[in-house]
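Open your viewer and keep the selection tool handy. We will go from one stop to the next, picking out side chains along the way.

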Amino acid sequence: MTTPLLKVRGLKIGATVYPPGEKPHDIEIVHGVDFDVEPGKVLGLIGESGAGKSTIGLASMAYGRGGVKLTAGSVEVNGRDVLQAPLRDIRKLRGAEVTYVSQSAAASFNPAKQIMEQVIEAAVGQGKFSKSEAQKRAVELFTKLGLPNPDTIGNRYPHQVSGGQLQRCMTALALCPEPDLVVFDEPTTALDVTTQIDVLKAIKDAIRDTGVAALYITHDLAVVAQVSDHIMVLRYGEKVEYGTTDQIINAPQEAYTKALVSVRSITHEEKQPTEPVLRVENITARYKGTNFNVLHDVSVDISPGQTLAVVGESGSGKSTLARVITGLLPPSAGKITFAGRTLTPDQPSRSMEDLRELQMIYQMADTAMNPRQTVGTIIGRPLEFYFGLKGAEKQKRIQELLDEIELGQGFQDRYPAELSGGQKQRVCIARALAAKPTLIICDEVTSALDPLVADGILKLLLNLQKIEDVAYLFITHDLATVKAISDSIAVMYQGKVQRYGTKSEVLTPPYDDYTDLLLSSVPEMKLGWLEDVIANRKMESAGN
Amino acid sequence: MHPILKLVAERLALGVLLLFAASALIFGLTEILPGDAAQAILGQSATPESLANLREEMGLNRPALTRYFEWLGGIVTGDMGVALTNKLPIGEQIARRMSSTLFLAFWAAIISVPLAILLGLIAVRYQNRWPDKLISGITLASISLPEFMIAYILVFFFAVKLFWAPSFASISPGMPLLEQLHAISLPVAVLTMVVLAHMMRMTRAAILNVMQSAYIETAELKGLTTFKVIYRHAFPNAIAPIVNVVMINLAYLVVGVVVVEVVFAYPGMGQYLVDAVVKRDVPVVLACGVIFAAVYIILNIVADVVSILANPRLRHPK
């Protein structure tokens with residue numbers, strides 16, 4: 001048995017919280033966690049947000065983000081407890097023995113400095129390599145990670161390369177000093193699905209070729225299954241289950257792990273299209289001051305009480321389509337018909353009735369609500385605005401809506417800050433429903449939520465569709481969501497509708513190359529999936 | 001055209017436009033003031049006939065717009081006219097006075113700007129600890145005291161009690177540099193204390209703002225010392241706001257020195273302007289006003305251009 005490279009025992013982590021209107025007090029966010037990482041092995045840390053996985057990852061570098069304090073236990077790196085070490089020794093460890101890859105490379109690179117300078121900074125600063133040796137190693141790593149122009153990409157500034165490329169550069173930055181351990185903190189979460197798969201493969205190969213050990217932190221079990229040897233499932237700062245990747249995926253023991261493995265349990269019978277309630281015909285649109293079309297000749301229909309899923313990667317024009325339909329961006333050509341009448345292209349000239357029947361729900365429930373208004377005020381506003389409800393009548397209707405979104409009594413007087421992410425999104429749904437709309441445009445409404453919470457929101461939306469007979473235009477990049485809830489699907493790529501039809505038509509082969517790429521890129525909870533997909537690809541991903 | 005050149009050209013064009021607007025405003029304000037140059041020359045007891053004659057002679061009867069463009073034409077061609085009181089050409093006077101003022105401002109800037117930035121960096125390094133509080137306390141105290149108060153306190157200790165520096169900052173063209181510096185040491189000290197706090201606090205705030213960024217965490221996780229994190233990673237991204245406040249303070253060093261120059265009887269622009277106002281020498285006041293406006297506008301253009309150059313997205317487009 002080899003000695004562990006990283007040995008964590010009884011790790012407790014605390015933080016001081018400053019709740020509004022209360023005295024600051026200390027809370028514990030990680031309650032005594034034990035684990036080992038052996039040299040050259042990859043341990044996956046998995047859990048929902050708030051599980052403490054990033055906090056634990058950073059603890060291996062004796063770093064507490066924000067006001068986080070490492071309060072008890074031991075973290076031994078190469079046999080030395082870093083929690084007891086003086087700051088001077090910790091600095092020698094950071095960037096030399098243990099390095100870090102963050103979720104957003106775009107934010108983690110200094111915008112004012114060239115990439116090369118940042119990639120070699122730790123290796124040179126820690127005295128591991130001379131400047132020229134480090135540069136040579138960086139170019140080797142750029143090549144290994146599949147970056148274009150590896151000799152010159154280091155001279156670029158972070159804003160001059162794409163998100164997927166920057167994430168690879170960040171991996172090069174972490175591997176450059178030849179560390180013993182790399183902490184990967186959700187390194188592919190912010191990327192498009194087709195880009196994620198390339199970066200994932202690059203990271204996996206780099207780990208294998210350099211023989212480095214890794215902590216791989218993610219909320220996506222299917223992703224972690226592709227790269228790790230062992231998996232630890234965390235919840236509320238405690239270990240739920242620990243085992244080999246094979247065991248966690250194929251034979252989970254704990255109920256929570258089972259729920260994670262079998263997430264997206266929704267079944268939805270596809271409905272056949274009827275006379276459409278919304279008709280989008282040959283829409284072409286561009287943003288002011290630009291000279292290229294974001295949408296080219298887009299045509300889709302939505303049947304009453306059904307769901308059209310618009311799926312595509314970032315930049316495919318799916319949110320722009322929502323802006324055109326709501327009148328926020330008048331199109332340069334094309335026509336929109338809603339409930340038999342032609343909609344005026346710009347929002348201010350639309351009738352109250354048109355505004356009422358077409359509602360929107362956004363990705364960031366946080367920013368879509370006024371933080372100084374109570375839930376009751378937020379939901380009550382459309383009731384006053386569209387129906388002139390007042391007093392007891394309004395209160396009664398607000399409570400009905402709250403019951404519909406399964407929040408019940410006592411929520412009327414709460415402020416958004418007092419709600420969880422899922423509850424906030426439910427309030428946004430209630431606000432949209434208050435207008436008794438015919439169509440709700442849902443723009444990535446579950447993307448910012450944890451899988452189990454997102455699942456609850458989707459179930460609620462489907463249930464409400466049955467009760468209220470409302471149609472959804474569901475914008476998402478997540479194909480699993482699409483499969484779960486849609487009646488028809490439009491696949492968008494570079495501003496065009498690539499594939500369009502009922503769910504079964506779109507998801508039945510033969511596929512066009514792009515749809516094939518998109519569908520095959522969705523991580524599956526299966527060992528060896530990554531290699532199979534890469535081997536069978538027909539086209540390169542766009543954002544790589 | 002490179003986007004930077006375009007942005008810089010825009011700023012320059014805007015600056016010129018602004019300068020014209022400022023000149024019109026200054027001219028207009030002196031027109032609104034009661035009395036005119038003829039009244040000022042002849043005094044209160046002048047007869048209406050002599051006033052009318054002089055006005056005719058000086059061309060003051062013509063429409064204001066004509067006189068404005070005449071005056072503007074003179075300024076643009078470098079002719080600032082003649083002072084009413086001593087009939088000396090204003091241009092020569094201003095050239096001499098301005099060089100004195102710039103000399104003072106230059107040395108005050110050389111000391112205060114690097115000192116302010118260094119103190120700002122130290123304050124960030126020891127944020128909320130005693131060095132930060134000490135620096136903030138001292139600079140705040142010095143900005144809170146009126147300039148003349150600081151000036152007289154310094155004169156009292158360093159000139160009257162200790163005889164280290166002269167209380168009158170008189171310099172003449174033939175003096176060796178060291179003697180000149182000795183002569184202006186007290187006014188430089190006063191100016192430094194006045195502008196230090198503003199620049200230091202802005203440096204501190206701008207860097208602290210950048211310190212929230214994710215790339216600062218990256219730098220910390222590379223094992224860099226806190227000071228290296230601050231000056232290598234935070235400072236380059238805080239240059240734009242810092243340069244802006246530095247330029248406003250440099251402008252103040254040129255334009256706002258009136259009190260200090262008067263206290264130390266220093267022969268600069270401030271003295272000249274105060275004398276002219278006292279003697280109602282309108283052409284001199286006009287010329288000084290335009291020069292001061294130009295200094296403000298030029299320094300602000302410099303700040304804008306440096307901010308543009310400090311932005312890597314503009315410097316290195318995709």
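Select K136(A) and E140(A) in helix α5 (residues 131-144) of chain A: they sit four residues apart, so about one helical turn separates them. Helices here are DSSP runs of H or I with at least four residues, strands are E runs of at least two, and both are numbered from the N terminus. The two side chains meet in a salt bridge (3.9 Å, N to O), meaning a side-chain nitrogen of Lys or Arg within 4 Å of a carboxyl oxygen of Asp or Glu. K136(A) is exposed at 57% relative accessible area, and E140(A) is partly exposed at 44%. Buried means under 20%, exposed over 50% and partly exposed in between, with a 1.4 Å probe and protein chains only.

A note on the model: it is predicted, with local features needing pLDDT of at least 70 and side-chain atom pairs pLDDT 80 or more, while totals for chains, interfaces and linings use all residues. Residues are numbered from 1 along each chain, chains are lettered from A and ligands numbered from 1 as written, and side-chain values use heavy atoms, without hydrogens and water.

Next, select K394(A) and E384(A), a salt bridge at 2.5 Å, N to O. K394(A) lies in helix α14 and E384(A) in helix α13, 10 residues apart. K394(A) is buried at 16%, whereas E384(A) is partly exposed at 32%.

Now show both chains and pick R65(A) and E217(B), whose side chains form a salt bridge (2.8 Å, N to O). R65(A) is in the loop between α1 and β4 of chain A and E217(B) in helix α10 of chain B, so this pair joins two chains.
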